[in-house]
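Q: I am new to this structure and would like to learn how to read it. Could you take me through it step by step?

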Amino acid sequence: MSDDDFHPGTIQRRERGFEGRLERCYAQDPAAVWAMLTEPRHLSQWLAPGTIELRRGGAVRIDFVDSGIVIDSTVMALEPQRILEYSWSSGQQPERPIRWELAAQAGGTRLTLSVRLPADEDVAKACAGFEGHLAMLAAALEGVPVRFPLELYLRARQHYQALLDA
């Protein structure tokens, strides 16, 4: 991966924690990107096996079998092919709202991902993890199966930690 391929997001301090924001542009239209974000057969290609009931209050379950992490929450905001928001948490864990926003643009779709995390969590690790999954999403959109990009994750984690330390 060259420096031209690495376009990290930002981290901002908020009243009760942090917000990470990552943006990507994909050559596919919003309908194709939306399908990847919401359909079980596509989720497992770039994120993890899961289901999302596409209605406000609908159940969200994403099961990272290898790590034992399960996201079990509800849809907080939904505008088909534009906005999907739910918490990146389960049970009694603190809420970690994650918001996917899609916008059509010339030649494809701009995806903006924002995630809010409590102050006592490892925001650099979370943002780096999403960097890896967004790279996997790009590959899945092209029909190319890939493993989680550990090298990208490590580089991104170092970058985000430096942002926080500054």
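A: Gladly! Let us begin with burial: buried means under 20% relative accessible area, exposed over 50%, and partly exposed in between, with a 1.4 Å probe and protein chains only. Helices (H or I, at least four residues) and strands (E, at least two) are DSSP runs, numbered from the N terminus. This is a predicted model, where local features need pLDDT of at least 70, side-chain atom pairs count only at pLDDT 80 or more, and totals for chains, interfaces and linings use all residues. Residues are numbered from 1 along each chain as its sequence is written, and side-chain values use heavy atoms, leaving out hydrogens and water.

Q: Which residues are buried in H1?

A: They are Pro-30, Val-33, Trp-34, Ala-35, Met-36, Leu-37 and Thr-38. Because seven of the nine residues of H1 are buried, this helix is largely enclosed by the rest of the structure.

Q: Where is the place of Gln-28?

A: Gln-28 sits in the loop between strand E2 (17–26) and helix H1 (30–38).

Q: Is Gln-28 buried or exposed?

A: Gln-28 has a relative accessible area of 16%, so it is buried.

Q: With which residues is Gln-28 in contact, leaving aside its neighbours within four places in sequence?

A: Contact means heavy atoms within 4.5 Å. With those neighbours left aside, Gln-28 is in contact with Val-33, Gly-108, Thr-109, Leu-141 and Glu-142. Val-33 is also one of the buried residues of H1.
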